[in-house]
Each structure stands twice: as C-alpha cells, then as structure tokens.
Amino acid sequence: MPDQTVDRAGGARTASPAVHVEGLWKRFGEQIAVAGIDLTLPAGSFIGLVGPNGAGKTTTLSMVTGLLRPDQGRVQVAGHDVWHDPVEVKSRIGVLPEGLRLFERLSGRELLAYNGRLRGLPGDEVDKRAGQLLDVLDLAGAQHKLVVDYSTGMRKKIGLAAALLHNPEVLFLDEPFEGVDPVSAQTIRGVLERYTASGATVVFSSHVMELVESLCDWVAVMAAGTIRAQGPLAEVRGAAPSLQAAFLELVGAQGRDNGESLDWLGGGAR
Ligand SMILES: Nc1ncnc2c1ncn2[C@@H]1O[C@H](COP(=O)(O)OP(=O)(O)OP(=O)(O)O)[C@@H](O)[C@H]1O
C-alpha cells in the first residue's frame, strides 16, 4: 500500500512516484521501439517526454497507460502495477492518446456525459463538471455539435475534457498542443497549470522545446528507444543555453546536414 500524503488542495495523494518503469522493452518485428528503459517520474510535477520522430515516446506512453502490452519490464503508476492491477491504475489516470479515437456520432456534451458515467460519477456531478470544462475550454458554443464535425483543435480539447472529468491523479497527454491555436493553447496551459498546482501530475510528449521549457519542471529525453537524460529541467539543460540546444546535443543531432547537400533547391532555375 503506497504512503499517503496530503496535497496543497487538501486531497489525499500517494507519495509514490507518479510513474516508475523498469527494464521496459517493445519490439515490432525487427524494429526495437523501446529498448529496456528505466524511468522514474515524480508525483506533482509537470513532466515533458521529448525526443525526435520515432524515438519511442508514443510506444512508451501506450505501455505506461496500459494500452499496449510490453514484451518485458514493469510499469507502476501511482504505486500500482499497470498490468497486474489495471482497474486501480485506470481509475487514477486520464489519457489523451495519439490519434485519439472518439465516438464521432455523439455531441461533445454527450461524449463527456458518457465518459463521466463510465467513470462512475453521479449524473449531476458529471453535468456540473462537463459544463465547467466546456466553458473553460471554449467549447460551450459547440457542445451540441457532433464530434465528427469538430476541428482538430476542438477534438484535442474535448479529448482533454474527457481525460480530466474524473479528476485523475496522473494525466498522460500525447502531443496535446498539436493542431491547437495559440488562444486555445494558452487556455490548455492554464488548465494544466492549475491541475498540477493542486498536486496532480502531467506527463506529456512534445517536439516543441520552448513549450516544454516554459511548462515543465521535469524532463525525460528519448532517442532510438533509449532514455538519454531524465531529471529536473535545469539539470537536463545543464550548461546549454536552452533546452533545444541540450536536446540536439543529447540526441546526437549536432553537425547534421541541415540541407546543405540540396544545392539545387531554391525555386529559381529548374
Ligand atoms: N504498431 C507498430 N508497428 C510497427 N512499428 C511500430 C509500431 N508503432 C511504432 N513503431 C515503430 O517504433 C518506433 C517508435 O515509434 P513511436 O511512435 O513510439 O515514436 P515517437 O517518439 O512517438 O515518434 P513521433 O514523435 O514521430 O510521434 C518507430 O520506429 C516506429 O516506426
């Protein structure tokens, strides 16, 4: 039984790490997507998982959230084993996965009502929370529109609302800001900052280093299925002038051909 502590908002939270991963492997045929990683992410932090395309971020998040079975290794979320204690873990987490699949023929409001009831919340509480989330995320005007007619950014926002509705302990977001306009991005930031300030944990993957640098207090850097660095933001950045510079160094992207070999490219002579 994990130790209990009380967060700043007075709620009981576990003192265990938000995520603890040991020797996690995943292979797709010949392709090793995740090569035996160890990861410990502290509770109550805003955590960025960064890495180049194909680094293994989505595969890792899928295994950590119980969506994809690892070939080998152990995953604990909030002190509970994801694969031995899946119901306990799923009641404590919210997930915004990559390539989010939603019930397209429900309206945004119906989708939240469905998710809330599935999570075991009473109907009036679901109504109250859904109304508030729709307002804050600027979706109130579109709440009766079918999800199939939502834009990319609106889908991200309704997915985020569905992931937050049951007030999870740990929230996993795969590229939450992709396709989201700057105003909505600012709103999402505000919601997430409020959420972590009350002691909850956000783990999100992103390619946008400026965003990670401005939001996160803890960072894990992945490349080629391995963890290249993990720790507090300042520690991972080290002496580099920015997280972007540290990232390029860590993933071995310094000194690459940045298009110099494309000497025919310029839009002039064909
Ligand atoms: N279902 C699958 N079948 C085969 N290969 C896969 C599958 N899922 C992922 N891979 C491979 O595993 C590797 C890691 O992919 P993953 O999607 O986890 O990377 P990522 O870091 O999330 O990348 P991106 O930033 O581009 O989304 C890639 O080489 C990818 O082609």
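Is F177 buried or exposed, and what is its relative accessible area? F177 is buried, at 13%, because buried means under 20% relative accessible area. The close-ups below come from a predicted model.

**View 1. The shell around the ligand.** The ligand is surrounded by 13 residues, and the closest are G54, K57, T58, T59 and H207. Sorted by class, the shell holds seven polar, four nonpolar and two charged residues. Helix 1 supplies the largest share, three residues.

**View 2. Polar side chains at the ligand.** In the side chain of K57, an N or O atom is 2.7 Å from an oxygen atom of the ligand. For N53, a polar side-chain atom lies 3.0 Å from a ligand oxygen atom. The side chain of Q31 has an N or O atom 3.3 Å from an oxygen atom of the ligand. On its own the ligand has 640 Å² of accessible area, and the protein covers 63% of this. Strand 4 (31-41) and helix 1 (57-64) are the elements that give two or more residues to the shell.

**View 3. The ring pair of F46 and F204.** The two rings are edge-to-face, with 5.8 Å from centre to centre and 80° between the planes. F46 belongs to strand 5 (residues 46-50) and F204 to strand 10 (residues 201-206), so the pair ties together parts 158 residues apart in sequence. Both are buried: F46 has a relative accessible area of 3%, and F204 has 1%.

**View 4. The ring pair of F177 and F204.** The ring centres are 6.0 Å apart and the planes meet at 75°, so this pair is edge-to-face. F177 sits in the loop between strand 9 (170-174) and helix 6 (182-197), 27 residues from F204 in strand 10. Ring pairs link F46, F177 and F204 into a cluster.

Definitions and conventions:
Residues numbered from 1 in each chain as written. Predicted model: local features only at pLDDT ≥ 70, side-chain atom pairs only at ≥ 80, totals over all residues. Heavy atoms only, no water. Near = heavy atom within 4 Å. Polar contact = N/O pair within 3.5 Å; in protein donor to acceptor, adjacent residues only side chain to side chain. Areas by Shrake-Rupley, 256 points an atom, 1.4 Å probe, with all protein chains shown as cover. Helix = DSSP H or I, 4+ residues; strand = E, 2+ residues; numbered from the N terminus. Nonpolar A, V, L, I, M, F, W, Y, C, P; charged D, E, K, R; others polar. Phe/Tyr/Trp six-rings, centres within 6.5 Å; stacked < 30°, edge-to-face > 60°. Buried < 20%, exposed > 50% of the residue type's maximum accessible area, 1.4 Å probe, protein only.
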